[in-house]
Protein chains: 2
Amino acid sequence: MTVQQQALAARGAAQTLATATRSRKDAALHAMADALAKAETAVLEANATDVRRAEEAGTSAAIVDRLRLTPDRVGAMVDGLRDVAGLPDPVGDVVRGWTNANGVQVRQVRVPFGVVGIVYEARPNVTADAAGLCLKSGNAVLLRGSSSAAASNAAVVDALRLGLADVGLPVDAVQLVPGPREVTDELMGARGLVDVLIPRGGAGLIDHVVRHSVVPVIETGVGNCHLYVDASADPEMALAILLNAKTQRPSVCNAVETLLVHADAAPRFLPTALEALARAGVTVHGDARTAAYGPDVRAVTQEDWETEYLSLDLAIGVVDSLDDALAHIATYSTGHSETIVTDSEAAAQRFTAEIDAAAVLVNASSRFVDGSEFGFGAEIGISTQKLHARGPMGLPEMTSTKYVVTGSGQTR
Amino acid sequence: MTVQQQALAARGAAQTLATATRSRKDAALHAMADALAKAETAVLEANATDVRRAEEAGTSAAIVDRLRLTPDRVGAMVDGLRDVAGLPDPVGDVVRGWTNANGVQVRQVRVPFGVVGIVYEARPNVTADAAGLCLKSGNAVLLRGSSSAAASNAAVVDALRLGLADVGLPVDAVQLVPGPREVTDELMGARGLVDVLIPRGGAGLIDHVVRHSVVPVIETGVGNCHLYVDASADPEMALAILLNAKTQRPSVCNAVETLLVHADAAPRFLPTALEALARAGVTVHGDARTAAYGPDVRAVTQEDWETEYLSLDLAIGVVDSLDDALAHIATYSTGHSETIVTDSEAAAQRFTAEIDAAAVLVNASSRFVDGSEFGFGAEIGISTQKLHARGPMGLPEMTSTKYVVTGSGQTR
């Protein structure tokens, strides 16, 4: 099947999903979970093939780790599907509504997008997670995974489609899009058939999709996040937030990559901070003023300021003012999550007003910028664009709206 | 100045606008209105040059009419700016907010996009209207008008910038982007500098921008709108709605272009309807079953079904069922506004649930799908895409959001 044929089949399935009741969709999610649990052995065997091939091809250990499934990871996928069944259905929500003077009633109602394309890298768990979120929000999904996870993804999708068939929903609501690289281009060109593309993965993948897709894109995830320790910051609070935001899970997009310290705070903050960072195994790339406060500070480069490390590395700079911090962040931020630690209400106000990012934090760890932490129950990604959705995206962000206008013969 | 330089200047201005208070922005809008009123003569002289050039170039009378400004039209632009000053400011609105169990407060707040690009055709009034809406929503605007309106647009923008200067806001918040065709390409490539592009004009312009822009686009306006007269429809109500939706203002995107009539309703509806349409000067392009009900029915072609006439033309087809009507609309709709006239609650339910469009109407004229009719006060266009905004776009649709997260040292 060509991508076009797959997309047409998805559109047909989407028509059914658009009017499926919540109980029917929830039954499907539980049936998909059951089928995936039953297919555990097949999924793990398929995954073993992918892992072996990746290792033979000399793939890095980090990527092989993302690719590898275990009974626990399959269990998490199964649980994830059941969790989504427990979430409220956004479809049919009335966002707002009013009655005009002439008696015409207007309601703005949430509706599914239709067909969603997910382009992602070698994380087979995304296959089940994205399929569950799309199904619950009434969308058919075209899953364009990495070829390195082809066997794993196929096994997972086979199971999910069995679940759909069990409850009588169209199996083409969940489809894997296999094939060579050109297939991604076809998907990006399928305007009118695919309603939205969501790339999930590294900066290179996201940039490629954003630049080449004719289908509307929701950009997710790249986070070159800054933590600014203001002159008035409580050093203990700043250190606790820094360590949490840098080391609790360094590989995620809401981890901090650059620390900026006001020159007035530096003498009482940086010596302790540098020690604590060293103990936590963090490699520090600092400017000359930072290096004055501790040993083991590598010279920071232009590239460091620009880098989303996703590792136990941290760039540090000392700045002379809030203005300098704002300017640095304006230059290097990817618009994900930016944090200030301060005791000054005026500084907090300026920071939150002037920083242009999906999330701006005052005296809290950027690790809170997350769908689960926000209480969304599930998350398809964190949008760093300004159109449609910005920040953590839950189920409502996977919908569009439609105006339903009801009258009794009114004309203009 | 290159487009890049203009966009950089706009970004600088946008930073100031983002934190400008409502009273400051409203003062600017009134100052812009004053300056434009004062510049009436200069604007009309510049416009006369554009009109003369267009006429010499053999431009069609319809386009010359759109291009032509009169004292009344300039007055309408001035009034429009003052009207926008009277509308609520969307910036700073808290869309939702909550406090997490750990005391972390999360608020989702409306913020401007930053820099908005408007690409439009030879309607100089768009220049002032779009500038006013962008300014009120805190956005800097790059106005890429048609070269045929270059002198008119320049005169209008000169006046608007004088108004901005009068209140001390950066004049680069409103800029005209002059130059040859390639300049539009540069604007469409200015990702990271321009936050969103909104094309306003015909289908060709919109399709070009949508397909070539790397900057996110909000698609507006093409409306191949259908009116379906169900078996159970009240013929008088159906006729009133049809005449209103077709003839009250045929050149707009929410006018009806195709009428579908259930076979059971056709004998009691079509003879009268065809007479009334003829009296109203409407040219009917009908299928064979329609032609049976009246004289002067031209044979409908595939192209007719696909056409947004924007004129006193109407395609008519007789269908055997609601299913056939839904299928026809699914094939030819541009997703703008689709109407059913029916006395059947079940038919109304199915129509509103299954039609995939920005607006779905029951027993009301599609002419109501409009920012003013919806009470938005002003409208930048009607979005026919599913991302971000769908349907009439008012000031809130010209904003993004930002999460402001406030704590007292919380970590995960």
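## Cysteines, a cavity and some backbone angles

Over all chains, the disulfide count comes to zero, a disulfide being a pair of cysteine sulfur atoms within 2.5 Å. Keep in mind that this is a predicted model, where local features need pLDDT of at least 70, side-chain atom pairs count only at pLDDT 80 or more, and totals for chains, interfaces and linings use all residues. As for bookkeeping, residues are numbered from 1 along each chain as its sequence is written, chains are lettered from A and ligands numbered from 1 in the order in which they are written, and side-chain values use heavy atoms, with hydrogens and water left out.

| B:C134 | B:C253 | 18 Å |

Are they buried or exposed? B:C134 has 0% relative accessibility, so it counts as buried, and B:C225 is buried with a relative accessible area of 0%. The cut-offs: buried is under 20% relative accessible area, exposed is over 50%, and partly exposed is in between (1.4 Å probe, protein chains only).

Searching the whole structure turns up one cavity of 30 Å³ or more. A cavity here is a set of points, on a 1 Å grid over the protein atoms alone, where a 1.4 Å probe fits but cannot get out; lining residues have an atom within 4 Å of a point. The volume of the largest cavity is about 280 Å³, counted as the space filled by probe spheres set on the points. Its lining has 20 residues, and nearest the centre lie A:V215, A:P216, A:V217, B:P216 and B:V217. By class, that lining splits into twelve nonpolar, four polar and four charged residues. Ala, Val, Leu, Ile, Met, Phe, Trp, Tyr, Cys and Pro count as nonpolar, Asp, Glu, Lys and Arg as charged, and the others, Gly among them, as polar.

On to chain A. UniProt, in an unreviewed entry, lists residues 4-298 of chain A as "domain: Aldehyde dehydrogenase"; such annotations may be inferred rather than shown by experiment. Over that stretch, the chain is 51% helix and 17% strand, with the end C-alpha atoms 51 Å apart. Helices (H or I, at least four residues) and strands (E, at least two) are DSSP runs, numbered from the N terminus.

Last, the backbone. Most residues other than glycine have a negative phi. A:L310, though, has a positive phi near 60°; A:L310 sits in the loop between α13 (302-306) and β11 (313-319) of chain A and is partly exposed at 32% relative accessible area. A:H388 has a positive phi too, about 70°, and lies in the loop between β14 (381-383) and β15 (391-393) of chain A.

Technical notes. 1 Å grid on protein atoms, 1.4 Å probe; cavity = no way out; pocket = protein on both sides within 12 Å on 5 of 7 lines; lining within 4 Å.
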